[in-house]
Amino acid sequence: METEIQNSQSKTGNILIVDDIENNLMLMEDLLTGEGYNVISAVNGKDALEKLQAEREIDLIISDILMPVMDGFMFCENVKRDEKLRNIPFVFSTASFIEEKDEVLALKLGAKKFIRKPFEPSEFLELVQELLKDVDNGKIKRQEISLKNGNEVNTSFDAIKSILD
């Protein structure tokens, strides 16, 4: 499913959501558009990167981890290595990678938050509002979210790939 919902009247932010499960995309789209956010959806990391290159400005990325073509960890790494994209706050939303070590890796990659599915809609919306407010208020600094050590990330990806293969 590739859905783009855009509302030119929105003043609250442009959010890219990435998930290969249609029901998850629909739930997040409904929640976010109901609050007035512009939502762009993608079905995997590769699709999301293409949409990021084509879109004017994205204020927040919310991505699943376990997806075909390009998983969320690889997608996050690509975003954080790109000069034009690295400043976008990144949130992982996952039902598969729920252990503490997964959350640690996600945060090392540059994610600001890690949400376990299923989540409470009110808590999800509160998190989105807080992150976008922090960006607006300058609490999330541009360089704060960039990768600090590419070798550490590559080592982590090699470990993940060996588990998944």
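Biologist: In which strand is Thr 94 found?

Modeller: Thr 94 is found in strand E5. Please keep in mind that this is a predicted model.

Biologist: What makes Thr 94 buried?

Modeller: Its relative accessible area is 0%. Buried means under 20%, so Thr 94 counts as buried.

Biologist: Which residues is Thr 94 in contact with, leaving aside its neighbours within four places in sequence?

Modeller: They are Asp 64, Ile 65, Phe 114, Ile 115, Arg 116 and Lys 117.

Biologist: Let us turn to the helices. Why are H3 and H4 called roughly parallel?

Modeller: Helix H3 covers residues 72–81 and helix H4 residues 100–109, and they pack at an angle of about 20°. Angles under 35 degrees count as roughly parallel, so H3 and H4 fall into that class. Their axes are 9 Å apart, and the crossing is left-handed.

Biologist: Which residues of H3 and H4 meet?

Modeller: From H3 come Phe 73, Cys 76 and Lys 80, and they meet Asp 102, Leu 105, Ala 106 and Leu 109 of H4. By class, this contact has 5 nonpolar, no polar and 2 charged residues.

Biologist: How many aromatic pairs does the structure hold?

Modeller: The structure holds 4 aromatic pairs. One of them is formed by Phe 73 and Phe 92.

Biologist: Why is the pair of Phe 73 and Phe 92 called edge-to-face?

Modeller: The ring planes stand at 65°.

Biologist: What does the pair of Phe 73 and Phe 92 tie together?

Modeller: Phe 73 lies in helix H3 and Phe 92 in strand E5 (residues 90–94), so the pair ties together parts that are 19 residues apart in sequence. Phe 73 and Phe 92 are both buried.

Biologist: And what makes the pair of Phe 75 and Phe 90 tilted?

Modeller: Here the angle between the planes is 55°. Stacked needs under 30 degrees and edge-to-face over 60, with the rest counting as tilted, so tilted is the word for Phe 75 and Phe 90. The distance is 5.3 Å centre to centre. Phe 75 lies in helix H3 and Phe 90 in strand E5, so this pair links parts 15 residues apart in sequence. Both Phe 75 and Phe 90 are buried.

Biologist: Which residues form one aromatic cluster?

Modeller: Phe 73, Phe 75, Phe 90 and Phe 92 do.

Technical notes:
Residues numbered from 1 in each chain as written. Predicted model: local features only at pLDDT ≥ 70, side-chain atom pairs only at ≥ 80, totals over all residues. Heavy atoms only, no water. Axes fitted to C-alpha atoms, helices over the stretch in contact; angles between N-to-C directions. Helix = DSSP H or I, 4+ residues; strand = E, 2+ residues; numbered from the N terminus. Parallel < 35°, antiparallel > 145°, perpendicular 65-115°, else oblique. Left-handed = near helix turned anticlockwise from the far one by under 90°. Contact = heavy atoms within 4.5 Å. Nonpolar A, V, L, I, M, F, W, Y, C, P; charged D, E, K, R; others polar. Phe/Tyr/Trp six-rings, centres within 6.5 Å; stacked < 30°, edge-to-face > 60°. Buried < 20%, exposed > 50% of the residue type's maximum accessible area, 1.4 Å probe, protein only.
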